[in-house]
Amino acid sequence: MESSNVVIDDTRLKSNDHEEEDVLEDDSPLERVVVTPNVGTSNDNNEVTQPITRVSLLDSNEPAPWVRRLHNKEDVIGDVNEGVRTRRQIANLISFTCYTSQIEPKKVDEALNDEFWVLAMQEELNQFERMRNKSDENGNIVRNKARLVAQVYSQIEGIDFEETFAPVARLESIRLLLSISCVHKFKLHQMDVKSAFLNGFLQEKVFVEQPKGFVDAHHPNHVYRLKKALYGLKQAPRAWYERLTQFLVDNNYTRGSVDKTLFIKKENDELFIAQIYVDDIVFGSTNNTKVQQFVDVMSHEFEMSLVGELSYFLGL
């Protein structure tokens, strides 16, 4: 058992050498001795003091007493001042040393000469390829995705954008929602918003150039002024979330006080619950009528794609 919260009863510390020997040489099957991985200290007799814990396997309310065991300094391998590495630390050290690069390249040429960095770059490219194509649970490509994206690096803070933070549901929240649906015995459904970020209203004046290959032949020198958000803008996720939140609150859905991506509606003994993950919405209710009402309300305000019953979500 591992724990980060340990309470030590120092009042029961044993200092008598005879008592120490009684603990260490006890052959009772109901007791065992556990050596703690703390840094040892040497004394004037060239001995290293290593604290150990005497743990009783019997059910007892008495705290386990602490004793100290003396080791000859010559019997300790390595520098005693470095402490003791646990098996997990040693395993991590081996893993990092064998399977990761120990250098940080300063130039692309340096990275291309290191096999581990080449693998890391290839993995990143594979991720981009997966993101361009939307796949189902069998890995089959079901749709190609293209986005008109703003050049975000040209945005200036305080002029083109202010606040950029937007909450995102944690994977633990999705798992908790699955548990709640099991407890209350209702099905979960999934729907996503088409071009979700394009629904967010902008508070700032933002201008973008016409995309290459799609320049208006009658107005080639004009630019667009954005009234709504565009993919790539720093404030796009926040603008979308604020638009969605305001819409749901206006329709009597209550936002979670801790999880800001959770929305709930309670009427009598009926429960409706929805979890927002960017443009994907997982929802369910103890009353199927509430589910259909939610679908109708969302489809009336936004362009939605109803996936159906939840079966594959975020790789789960």
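Predicted model: local features only at pLDDT ≥ 70, side-chain atom pairs only at ≥ 80, totals over all residues.
## A walk through the sheet and its helices

Isoleucine 276 stands opposite isoleucine 281 in β13. Strands of a sheet pair through backbone hydrogen bonds, either parallel or antiparallel. The hairpin of β12 and β13 has 2 residues between the strands, and in it valine 278 takes a positive phi near 60°.

On another side, β13 is joined to β7 by 5 bridges, again with the strands running antiparallel. Leucine 188 has glycine 284 in β13 as its bridge partner. Both pairings belong to an open sheet of 6 strands, whose order is β10-β11-β12-β13-β7-β14 and whose pairing is antiparallel. The edges of the sheet are β10 (254-255) and β14 (304-309), each of which pairs on one side only.

How many residues of β13 are buried? The count is 6 of the 6, so the strand is largely enclosed by the rest of the structure. In a regular strand the side chains alternate between the two faces of the sheet. In β13, Asp280, Val282 and Gly284 point one way, while Ile281, Phe283 and Ser285 point the other way, and all are buried.

Helix α5 lies across β7 (188-193), β12 and β13, and runs at about 160° to β12. Helix α6 (residues 236-250) also packs on the sheet, where it touches β7, β10, β11 (262-267) and β12. The direction of α6 makes about 5° with that of β11.

Helix α5 has 14 residues, and from its first C-alpha to its last it reaches 20 Å, close to the 20 Å expected at 1.5 Å a residue. Its buried residues are Ser173, Ile174, Leu177 and Ser181. Seen down the helix axis, these buried residues fall within an arc of 100°, so they line one face of α5. An α-helix has 3.6 residues a turn, so residues three or four places apart point the same way. The buried residues of α5 pack against β7, β12 and β13. Turned away from that buried side is a face with the exposed residues Leu176, Cys182 and Val183. After α5 comes lysine 185, whose phi is positive, near 60°.

The loop between β6 (141-144) and α5 (171-184) holds glutamine 155. Is this glutamine buried or exposed? Glutamine 155 counts as buried because its relative accessible area is 10%, and buried means under 20%. The side chain of glutamine 155 reaches the backbone nitrogen of lysine 234 at 2.9 Å. With neighbours within four places in sequence left aside, glutamine 155 is in contact with Asp160, Phe161, Gly232, Leu233, Lys234 and Gln235.

Phenylalanine 165 is also in the loop between β6 and α5. Phenylalanine 165 is exposed, with a relative accessible area of 54%. Phenylalanine 165 and lysine 234 are 69 residues apart in sequence, and their C-alpha atoms are 8.9 Å apart in space.

With a relative accessible area of 60%, asparagine 252 is exposed. Asparagine 268 counts as exposed, at 80% relative accessibility.

These parts belong to a protein chain with 7 helices and 14 strands. Of its 316 residues, 28% count as buried. Among contacts in the chain between residues at least 6 apart in sequence, 55% join residues at least 24 apart.

Methods. Residues numbered from 1 in each chain as written. Heavy atoms only, no water. Helix = DSSP H or I, 4+ residues; strand = E, 2+ residues; numbered from the N terminus. Buried < 20%, exposed > 50% of the residue type's maximum accessible area, 1.4 Å probe, protein only. Polar contact = N/O pair within 3.5 Å; in protein donor to acceptor, adjacent residues only side chain to side chain. Contact = heavy atoms within 4.5 Å. Pairing = 2+ DSSP bridges. Axes fitted to C-alpha atoms, helices over the stretch in contact; angles between N-to-C directions. Expected span 1.5 Å × (residues − 1). Arc of directions from axis to C-beta.
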